[in-house]
Amino acid sequence: METQIIKFYQTGSFAVGNRLLDESQRSVQANMRRSNSLNSGHRACQGCGEALGARYAIDAAMQATSNQLIAVNATGCLEVFSTPYPETSWQLPWIHSLFGNAAAVATGVAAAMRVKGRQDVRVIAQGGDGGTTDIGFGCLSGMFERNDDVLYICYDNEGYMNTGVQRSSATPPAARTSTTAAIGEEPGNGFGQGKFVPAIAMAHEIPYVATASVAYLRDLEAKVHRAMSLRGARYLHIFVPCPLGWGAASEDTIRLARLVVETGLFPLFEAEHGEVTGRYQIRHRVPVEEYLRLQKRYSHLLGKRPAVATIARIQAMAERNIRRYGLLGEEA
Amino acid sequence: MDKLFAITLDVGSSLANKTGTWRTYRPVYVDRLPPCNNQCPAGENIQAWLYLAEEGRYEDAWRKIMEENPFPAIMGRVCYHTCESACNRGALDEAVGINGVERFLGDQAIKHEWRIEPGSPTGRRVLVVGAGPAGLSCAYHLARLGHAVTVLEGADKAGGMVRYSIPKYRMPREKLNQEIKRIADMGVEIRLSSPVSDLAAEMKKGRYDAAFVAVGAQLGRHLPLPSSGGVAVLDAVQILRDLEHEEAVPLRGRVIVYGGGNTAFDVARSAVRLGALESLVVYRRTREKMPAHRSEIREALEEGVTLRCLSTITEVGTGAVTIERMELDAKGRSQPTGEREMIPATTVVLALGQDTDLGLLTGVPGLRVENGLVQVDRNLATGATGIWAGGDIVPADRNATVAIGHGKKAARQIDAWLRGEVLRRPAKPELASADMMNTWYYSDAPRAIRPILEAVRRTSGFAEVVGDYDEGTALYEARRCMSCGNCFECDNCYGVCPDNAVIKLGPGERFEFNYDYCKGCGVCISECPCGAIRRVPEAI
Amino acid sequence: MLKQIEGSHAVAEAVSLCRPEVICAYPISPQTHIVEALGEMVKSGELDRCEFINVESEFAAMSVAIGASAAGARTYTATASQGLLFMAEAVYNAAGLGLPIVMTDANRAIGAPINIWNDHSDALSMRDSGWIQLFAETNQEALDLHILAFRLAEELSLPVMVCMDGFILTHAYERVDMPTQQQVDRFLPPYEPRQVLDPREPVSIGAMVGPEAFSEVRYLAHAKQLQALERIPVLAGEFSTIFGRESGRLVHRYRTEDAETVVIAMGSVMGTIKDVVDEMRASGVSIGALGICSYRPAPLAVIRETVKGARRVVVLEKSLAVGLGGILATDVRMALSGLHLHGYTVIAGLGGRPILKSSLHALFERAGRDELEHVTFLDLNWDVVNRVLERERTTRRSGSIAENVLRDVGVPTASGV
């Protein structure tokens, strides 16, 4: 009678925790003593993906550094909802300066730590996609090319949500924002625009670049840990759904963060010194409609007369990612 | 530190902002009814014992089964495990192998001689008539509740139809004997070869306070077939009983079994093992309509049993029987076509169902028998005060699992009645249906295949066909359980809350919501893998 | 120790003596020689325990400085002109966060038209940013002011901008008395931040403050500048005790006692003015000069006290509030409120236009006769200006004024004449 080796833990690595796993192998978020770096009482909207992503990432970084961590925050939702006078939700030393300078401020903090011989204290900078891919891009690129010892985390919710859902360079094609109305010949945001900053980060050949999604906690935490094990400039781009800005139900935040990956629209990968070293392989591939359907920002594509050609273009973007990053394993 | 006014803030200060006031819906933890539990005729809390088995706590898991069912080793073999058909995991990959895990746990208990202690004596005496699965189950539960139980059995061995109609290749006798012995060891008196002919007299004689009657349906149903007498026409029940007694059974040459139930296949498969030239099952309806369990049919075909569906036997000749072809009418019922055919036959075995012998109940006041079945209420009480009935003699599906459930139910009713109470049924929780769950989180894990004895080896003897799970496989299979509707502490709610409004209480203690901060976004509800959180509107 | 060196190098050496821990540098003329020299000192190890960071813009320079300072490092940077404007958002932010950053502004004009030469438009554009702004008259004072600036900044937890005239000071080789390390260490204790990013005592710095507290925050910024007004003379006193010379007072008075005419100015032009004052005094004219060292905070009381006995005040400034007139003059007017004396505004030296002694002689003589216009543009080429204005009165022309002016003075332009 053949026997098989048992390595099955009911929910494997997909759920936050798993009582069947040894405690040392569980996620940071499963820990009763996790740091809750972003504490309760913050004013993020219901179901905010950014609030979740920030706690996931910072808690992991706190664990990786034994709480020797300083955070620099760009202006944006995360900053506004976490630190309205007289209350802050942050549990670690944290500074907010401006919208476009988080990476540079972090460079300064890191320089101070180095000159003071406190290299055990690590520095992260964080901001939304506007503060990262647009207004803060110069400082980000500067921090990258100098290889400053900073982990920059971009919480990408694909638009300027804090100011009322305007388009950013991370807004995807066809999405409706308040500056890309769903009217005219090409409703919503145009095709052939925007930028994918992880790829640009890789072009700087910095030690570490990774993408993550709040729906893949263990992957996200592993990437933060990997990032914190390295010195120099590191970049983590986390996909964080915005229920308000996307016109999605608040309970669908993680579902959306999962579907965007399973469709291939958002590749999860990591790269070291400009070369891809790992990718998440799609587990249950789904067509892009399943992702689009849950969001009112795409409602003009669906409905009674679906914009078949536009949906096909979005599907083609997913296919290109799958091909480019090898998201289907051998099939790719 | 000399902090700047308003610009520099102290950590932890946001706790003053109780964001719970934003909420219009609140999440509430619930325990829903898993479909397996809902389906189990014996009322086992399958999800609960799988939960314990997942952690390798086999004895605890076994004890959880034993709260409902004293026969895990038997059930792990003969139960038709409709729980697995109901299992939500079936839609994801394949149903959890509940039956195999149960058998593993039952065998572990036998191996390690785990025991169940009887309850503290109440001084009340209960008579159980029939030592089949219903009677023994009732006796066991009554013993746990502290009652003195006497089981009277007409046959010379206990086990009822499990022993007398299920062949050894499906139910090894040492396992059966061990599980019965464990009940006897609790102080239950099992008197064999003690048929009861007059229940009222027996109760009076033994000064019993109550009785549970479960004598089973032991009479093979006959069909008057025109016969020339050249082919032996036998009764399936009798053949299986003879097999149990290891008496010579005339299943040789060309054996034709008439009927489509499990008993028919038990005989057909036994015939193969006894060296019959041919073993043919003739059934009047289609194969899909056969009442026999799918696995029983499949294994029989693998062993060389042949089927002839949509056929009736119209006449038994000499060396042959006449078969009439049937066809389905517009309503899907089988109708005779008049097309007949002779096929060679040495023996015909009738497996057309069983009837009861309820002579012992004659003259019991208030007790009603209709169509050979004792009429009972939903609590299995007969019309006669202090007398309950269950198993194959009451209107219900006839199988061991149902019988075991009857035994438990009757025992609990008898106990309440003896204490002068009315047993209140707890409200049945909402069913945990697949649409309440988020199955993304369960790792892809195809069902572990239970080793099956090679067909050649199993047709040459009565060795057990379906093998055991080894520990690793049993653990693997237990861990495939999705814990439908019941928190299994995956920490998802604790992790996915953007407001840290879930408090983790520690291993085995589950979680609590901190409604001071919960904004009611519902992410915990959609990401709970097993559907153990309900959304409840706030009264505003 | 006496040295004959370039102003920029003098400043670099002084900064180095202040033991800065983080220096961020982005090139822009005429400030570049300072950070070049500092970069060399860090690279050679002469200045150790210091991070020298080549950043990608002035905005980044000030942002890196913000981060470093907030994390408790003594931080320095330098800029000028467009660079100061490019970092403007961060300049305000550094002051708002109370970070004691010291920055040199090598004063230069602001374009368009682009112009690399000296005036004070850049520094004065930041007058409301909350920074302390000190103006140096000489290279000696420029280097001294940096030492004083660190002390003042760290005492008050406010950033200080040391303004020195681009090229005129930065590129001039002059004799300076370079202090010793011991002297500087005596004057400037190690930096102990008021508040700091430290995992041992976490705080959130940079909260969003709404209407309920914003006015109070702004008033406190104002109050801090008023404290600086008290501290600057005290620190200048300490400075002279240790270093043996006067530097960095609120103002520098030159022959203002009993002067009927007081000329007020900032920066290196004070040298020329003092020469003219001396010459005019020699010929019996009652004239003196008041150099403003502390532009922010504005030493209103000292100005008032100095000029209250005079008959007239001439504010000569290298800046222009377009559509208004003087910037410094407007500030001075606040100090003179209620005093009955003539006030004249002279806009001079814009974009590096030389301020000649001869021009000043003529100017001050006319002032003495109270013949000056309310606002005077010194040495303006009225022919050109009038021709342009005349033409614009008759034909509306689009296009660059600068190009049109060039055309009018006869220089070939890209688009022809």
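**Exercise 1. Work out how chain A and chain B meet, starting with how many residue pairs are in polar contact across their interface.**

Step 1. Start with the polar contacts: the rule finds 36 residue pairs across the interface of chain A and chain B, both residues at pLDDT 80 or more. A polar contact here is a pair of N or O atoms within 3.5 Å; within protein, one must be able to donate a hydrogen and the other to accept it, and residues adjacent in sequence count only if both atoms are side-chain atoms.

Step 2. Look at which elements take part. On the side of chain A that touches chain B, helix 1 (49–64) and helix 9 (253–262) of chain A each give two or more residues. Helix 9 of chain A gives the most, with 5 residues. (Helices are DSSP runs of H or I with at least four residues, strands are runs of E with at least two, and both are numbered from the N terminus.)

Step 3. Sort that side by class: 25 nonpolar, 24 polar and 10 charged residues. For the sorting, Ala, Val, Leu, Ile, Met, Phe, Trp, Tyr, Cys and Pro count as nonpolar, Asp, Glu, Lys and Arg as charged, and the others, Gly among them, as polar.

Step 4. Now the extent. Contact, meaning heavy atoms within 4.5 Å, involves 59 residues of chain A and 60 residues of chain B. The two chains bury about 5000 Å² between them, with carbon and sulfur atoms giving 53%. Buried area is the accessible area (1.4 Å probe) that two parts lose on being put together, summed over both. Phe8(A), Gln10(A) and Arg19(A) supply 16% of the area that chain A buries against chain B, more than any other three residues.

Step 5. Finish with charge pairs. The rule finds 3 salt bridges across this interface, where a salt bridge is a side-chain nitrogen of Lys or Arg within 4 Å of a carboxyl oxygen of Asp or Glu. Arg19(A) turns up here too, forming a salt bridge with Glu54(B), with the closest N and O atoms 2.8 Å apart.

Before going on, a word on the model: it is predicted, local features need pLDDT of at least 70, side-chain atom pairs count only at pLDDT 80 or more, and totals for chains, interfaces and linings use all residues. Residues are numbered from 1 along each chain as its sequence is written, chains are lettered from A and ligands numbered from 1 in the order in which they are written, and side-chain values use heavy atoms, with hydrogens and water left out.

**Exercise 2. Find which element of chain C gives the largest share of the side that touches chain A.**

Step 1. Get the extent: 38 residues of chain C are in contact with 38 residues of chain A. About 2900 Å² is buried between them, 64% of it on carbon and sulfur atoms. Leu197(C), Pro199(C) and Met208(C) lose the most area in chain C, together 20% of what that side buries.

Step 2. Check the polar side of things. There are 15 residue pairs in polar contact between chain C and chain A, and the rule finds 4 salt bridges. Arg114(A) forms a salt bridge with Glu51(C), the closest N and O atoms being 2.6 Å apart.

Step 3. List the elements of chain C that give two or more residues: strand 3 (51–54), helix 3 (58–70), helix 5 (88–96) and strand 9 (203–205). Helix 3 of chain C is the one you want, with 8 residues. By class, this side of chain C has 23 nonpolar, 7 polar and 8 charged residues.

**Exercise 3. Describe how domain 1 and domain 2 of chain C sit against each other.**

Step 1. An automatic or database domain assignment gives domain 1 (2–243) and domain 2 (251–377) in chain C.

Step 2. The domain centres, taken over C-alpha atoms, are 27 Å apart. The contact takes 26 residues from domain 1 of chain C and 25 residues from domain 2 of chain C. About 1900 Å² is buried between the domains, 58% of it from carbon and sulfur atoms.

Step 3. Look for charge pairs. The rule finds 2 salt bridges across the domain interface. Asp165(C) forms a salt bridge with Lys318(C), the closest N and O atoms being 3.8 Å apart.

**Exercise 4. Explain why the salt bridge between Asp149(A) and Arg234(A) ties together separate parts of chain A.**

Step 1. The closest N and O atoms of Asp149(A) and Arg234(A) are 2.9 Å apart.

Step 2. Asp149(A) lies in the loop between helix 5 (137–146) and strand 4 (150–156) of chain A, and Arg234(A) in strand 6 (residues 234–239) of chain A, so the pair links parts that are 85 residues apart in sequence.
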